[in-house]
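I opened the model today and kept notes on what I looked up. The entries follow in the order I made them.

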Amino acid sequence: MAEGNNILLGILAVILGILVIAFPLFSVFTVSALAGFAIMLLGIWLLVQSFGTWGASKAASIAYLILGIIAIICGIGLFGHILLFSFLASIWLYFVGFFLIISGIMSLFAKEGTAGKGSGGMGIILGILYIILGTYAWDPYYLALLIGIWLIIDGIALFFVSPSDLVGMEKSEMPK
């Protein structure tokens, strides 16, 4: 059984998951606004970095300046734009799914033994699932449902497993 802090975090994650499922558009709007705001802050930090590195390297300073401007523009564009956020989440799921499938196929041919073949097969299955999830993430309602389900599952898992217990384990003690 997990510690008290993890149980509290688990309850919070389950409640947030239920709220995200209950209010899908508001939840996706909030996440897109937060992501846009975070990207704008990153852009501002990159602009500050560009002025701070001007004396040391003009090329790095110009690169920071260009990246900062692009980040600010992207952050403003993403801020509260639900369809853009759904599009980016979907593209990201496709991207990850594609790489999971490729790495799974490589593991099937490169690794020896049952465990290596099993991890390769699991990579292919997870990659296909990610691509299927990417198809549903185009719609903000389904994206909110996927986020909510993930929060609920993660919250329930925190009831039983403490992440600090896994970090402190030796490799021989890890569950297989």
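Entry 1, the largest pocket. I found that helix H4 (82-110), helix H5 (113-136) and H6 each supply at least two residues of its lining. H6 gives the most, with 6 residues. Helices here are DSSP runs of H or I with at least four residues, numbered from the N terminus. The lining includes Ala89, Trp92, Tyr130, Leu143, Trp150 and Ile153. The space in the largest pocket is about 400 Å³. A pocket is an open set of points on a 1 Å grid over the protein atoms alone, where a 1.4 Å probe fits, with protein on both sides within 12 Å along at least five of seven lines; lining residues have an atom within 4 Å of a point. The volume is the space filled by probe spheres set on the points, which are joined across faces, edges and corners.

I noted the ground rules. This is a predicted model, in which local features need pLDDT of at least 70 and side-chain atom pairs count only at pLDDT 80 or more, while totals for chains, interfaces and linings use all residues. Residues are numbered from 1 along each chain as its sequence is written, and side-chain values use heavy atoms, with hydrogens and water left out.

I looked up its buried residues (under 20% relative accessible area with a 1.4 Å probe, protein chains only; exposed is over 50%). They are Pro140, Leu143, Ala144, Gly148, Leu151, Gly155 and Leu158. They lie on the same side of H6, because they cover an arc of only 130° around the axis. The arc is taken from the directions from the helix axis to the C-beta atoms. The face turned away from the buried side carries the exposed Trp150, Ile153 and Phe160.

Is serine 50 buried or exposed? Serine 50 counts as buried because its relative accessibility is 1%. A polar atom of its side chain lies 2.6 Å from the backbone oxygen of leucine 47. Leaving out residues up to four places away in sequence, serine 50 touches Ser61, Tyr64 and Leu65, where contact means heavy atoms within 4.5 Å.

Notes: Polar contact = N/O pair within 3.5 Å; in protein donor to acceptor, adjacent residues only side chain to side chain.
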